[in-house]
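My notebook is open and I'm going through this fold piece by piece. I'll write down each thing I looked up, with the terms spelled out as I go.

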Amino acid sequence: MKELVVATRNEGKLLEVLDILKDLPVKVSALKDMGQLIDLEESGKTFEENAAIKARAVGGVTGKLTLADDSGLIVDVLKGRPGVYSARYAPTSEERNEKVLKELQGVPFKKRTARFVCVMVVYNPITKEVKTAEGVVEGYITDRPKGKGGFGYDPIFYSPELGKTFGEASAEEKNRVSHRARALGKVRGYLRYLLQNEKS
Ligand code: IMP
């Protein structure tokens with residue numbers, strides 16, 4: 001069976017990717033299983049640049065088909081923040097959520113529009129080919145954290161499609177509508193093709 005390396009050290013993301021790709025005939029390896037130290041510095045200015053940097057770095061070192069994503073939360077009244085800085089907006093997940101909630105204090109629900117964006121990059125180190133896809137999920141920032149599921153900003157992200165926050169949603173519910181699932185859905189056909197093709 002062919003191997004696909006997922007270039008992330010985020011356990012929450014990895015579990016979601018594994019679940020979404022479970023029907024593909026592929027052995028998915030996580031970075032932590034590779035026994036190699038690879039610097040995943042996010043020096044790009046866009047999700048796309050960061051995902052491509054990670055995919056090329058990991059694919060270049062491992063020589064294996066690589067999937068990398070970069071994602072984040074965009075809040076309209078915060079002029080798009082935290083955006084590409086989502087993972088670094090404050091030291092801990094709880095503090096990041098608190099910071100966003102504080103910045104939105106007094107803003108009515110209707111104006112608390114936000115979206116999660118995910119850019120997925122598949123990199124084939126043999127052909128050097130790069131395939132990119134974006135997934136988006138629209139929602140609202142709540143006035144307090146709700147639910148303990150998921151990771152990151154999930155407890156403060158209300159999804160009208162689910163009628164609850166991502167923190168209150170089951171993994172199956174989140175994976176039905178999430179930015180990550182939507183981006184992966186777009187590269188799934190390409191991945192299937194590569195996995196069946198001898199040169200990948
Ligand atoms: P990166 O893609 O590793 O740079 O991290 C993106 C950051 O955005 C994560 O650390 C989270 O803070 C946030 N984020 C991305 N996707 C999600 C999600 O599905 N739920 C909650 N937070 C997310």
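**Overall make-up.** I began with the secondary structure and found 5 helices and 7 strands in the protein chain. Here helices (H or I, at least four residues) and strands (E, at least two) are DSSP runs, numbered from the N terminus. Following the sequence, I noted the pattern β-α-β-α-β-α-β-β-β-β-α-α.

**Ground rules.** I'm reading a predicted model, where local features need pLDDT of at least 70 and side-chain atom pairs count only at pLDDT 80 or more, while totals for chains, interfaces and linings use all residues. Residues are numbered from 1 along each chain as its sequence is written, and side-chain values use heavy atoms, leaving out hydrogens and water.

**Strand E1 and its partners.** Next I checked what pairs with E1 (two strands pair if DSSP finds at least two bridges between them). Strand E1 (residues 3-6) runs parallel to strand E2 (residues 27-30), and 4 bridges join them. In that pairing I found Val5 opposite Ser29 of E2. E1 also pairs in the parallel sense with strand E3 (residues 65-75), over 3 bridges. There, Leu4 has Leu65 of E3 as its bridge partner.

**Cores.** Which residues touch the most other members of the largest nonpolar core? They are Leu21, Leu67, Val122 and Leu184, out of 23 residues. E1, H1, E3, strand E4 (113-124) and helix H5 (179-196) each supply at least two residues of this core, and H5 gives the most, with 8 residues. I also found a second, separate core of 19 residues, including Val107 and Phe116. A nonpolar core is a set of buried Ala, Val, Leu, Ile, Met, Phe, Trp, Tyr and Cys residues joined through side-chain atoms within 4.5 Å. Buried means under 20% relative accessible area, exposed over 50%, partly exposed in between (1.4 Å probe, protein chains only).

**Whole chain.** Of the 200 residues, 50% count as buried. A compact globule with 200 residues would have a radius of gyration near 16 Å, and the protein chain agrees with its 17 Å. That radius is taken over C-alpha atoms, and the globule rule is 2.2 Å times the number of residues to the power 0.38. Along its principal axes, the C-alpha trace spans about 55 × 30 × 25 Å.
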